[in-house]
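The tour goes from one selection to the next and says what is found at each stop.

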Amino acid sequence: MPPLADHLTLLRTVVSGIAARRDYTLEQVDDLRMAVEEAAVLLLRHGDGTPLELRAAVDEYQLQVELSTKVSTPETVIDPSSFSWMILQALTDGLSTTVEGTTASLTLVKQRHHADHHAEGQG
């Protein structure tokens, strides 16, 4: 994806489409959409203008989304004490960031919970 904020809608749409097809609840799909946008914005701020890459892996229990881009300096993209990190933690079930060489990545994990699972927990 080109490293432009105008293209964030495409990322959100792709991830929400994957989650919806895997029977994630609407709340989980919304969480993923917001998390992907937040992660992409963080990477775009640190990127060197190269395209942003998205990789998604799904299994029976979770969806893992990795966003990565080249950065101009091999520094940590996210400060774990930042507000953005707290937002990403609240929206996901797993979160990690890596910088290998000049490539920075953010990985988001969302566990799949069926709607009836939530209903069982509330009853």
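## Stop 1: helix α3

Select α3 and colour Ser84, Trp85, Leu88 and Leu91, which are the buried residues in this helix. They cover an arc of only 130 degrees around the axis, which puts them on the same side of α3. The model is a predicted one.

Now turn to the other side of α3, where Phe83 and Ala90 are exposed.

## Stop 2: helix α2

Select residues 26–46, which form α2. Which residues of α2 are buried? Colour Gln28, Val29, Asp31, Leu32, Ala35, Val36, Ala39, Ala40, Leu42 and Leu43 to show them. Look down the axis of α2: these residues fall within an arc of 160 degrees, so they line one face of the helix.

The face turned away from the buried side of α2 carries Leu26, Glu27 and Arg45, which are exposed. On the buried side, show α1, β2, α3 (83–91) and β4 (103–111), against which the buried residues of α2 pack.

## Stop 3: α2 against α3

Keep α2 and α3 on screen and hide the rest. Two packed helices are described by the angle between their axes and the distance between the axes. For α2 and α3, the angle is about 150 degrees and the axes are 9 Å apart. The cut-off for roughly antiparallel is an angle over 145 degrees, and α2 and α3 are therefore roughly antiparallel to each other.

The crossing of α2 past α3 is left-handed. Show side chains for the contact: from α2 come Asp31, Met34, Ala35, Glu38, Ala39 and Leu42, and from α3 come Ser84, Ile87, Leu88 and Leu91.

## Stop 4: helix α1

Select residues 8–21 for α1, a helix of 14 residues. From its first C-alpha to its last, α1 reaches 20 Å, close to the 20 Å expected at 1.5 Å a residue. Colour Leu8, Leu11, Arg12, Val15, Ser16, Gly17 and Ala19, which are buried in α1. Then bring back α2, β1 (53–58) and β2 (62–70), against which these buried residues pack.

Compare α1 with α2. Their axes are 9 Å apart and the packing angle is about 145 degrees. Here α1 passes α2 in a right-handed crossing. On the α1 side, the residues that meet α2 are Leu8, Leu11, Arg12, Val15, Ser16, Ala19 and Ala20. Their partners in α2 are Val29, Leu32, Arg33, Val36, Glu37, Ala40, Val41 and Leu44.

## Stop 5: the loop between α1 and α2

Go to aspartate 23, which is found in the loop between α1 and α2. Aspartate 23 has a positive phi of about 65 degrees although it is not a glycine. With a relative accessible area of 48%, aspartate 23 is partly exposed.

Arginine 22 is also in the loop between α1 and α2. It counts as partly exposed, at 29% relative accessibility. Leaving aside neighbours within four places in sequence, arginine 22 is in contact with Val58, Asp59, Glu60 and Arg112.

## Stop 6: lysine 110

Finish at lysine 110, in strand β4. Is lysine 110 buried or exposed? Its relative accessible area is 6%, and lysine 110 is buried.

Show what lysine 110 touches, not counting residues up to four places away in sequence: Tyr24, Gln28, Asp31, Leu32, Tyr61, Gln62, Leu63, Leu91, Thr92 and Asp93. Label the distance between the C-alpha atoms of lysine 110 and threonine 92: they are separated by 5.3 Å, while lying 18 residues apart along the chain. For arginine 22 and lysine 110, 88 residues apart along the chain, the C-alpha atoms are separated by 12 Å.

Technical notes:
Residues are numbered from 1 along each chain as its sequence is written. This is a predicted model: local features need pLDDT of at least 70, side-chain atom pairs count only at pLDDT 80 or more; totals for chains, interfaces and linings use all residues. Side-chain values use heavy atoms; hydrogens and water are left out. Helices (H or I, at least four residues) and strands (E, at least two) are DSSP runs, numbered from the N terminus. The expected span of a helix is 1.5 Å times one less than its number of residues. Buried means under 20% relative accessible area, exposed over 50%, partly exposed in between (1.4 Å probe, protein chains only). Contact means heavy atoms within 4.5 Å. The arc is that of the directions from the helix axis to the C-beta atoms. Axes are lines fitted to C-alpha atoms, for helices over the stretch in contact, and angles run from 0 to 180 degrees between N-to-C directions. Angles under 35 degrees count as roughly parallel, over 145 as roughly antiparallel, 65 to 115 as roughly perpendicular and the rest as oblique. A crossing is left-handed if the near helix is turned anticlockwise from the far one by less than a right angle, and right-handed if clockwise.
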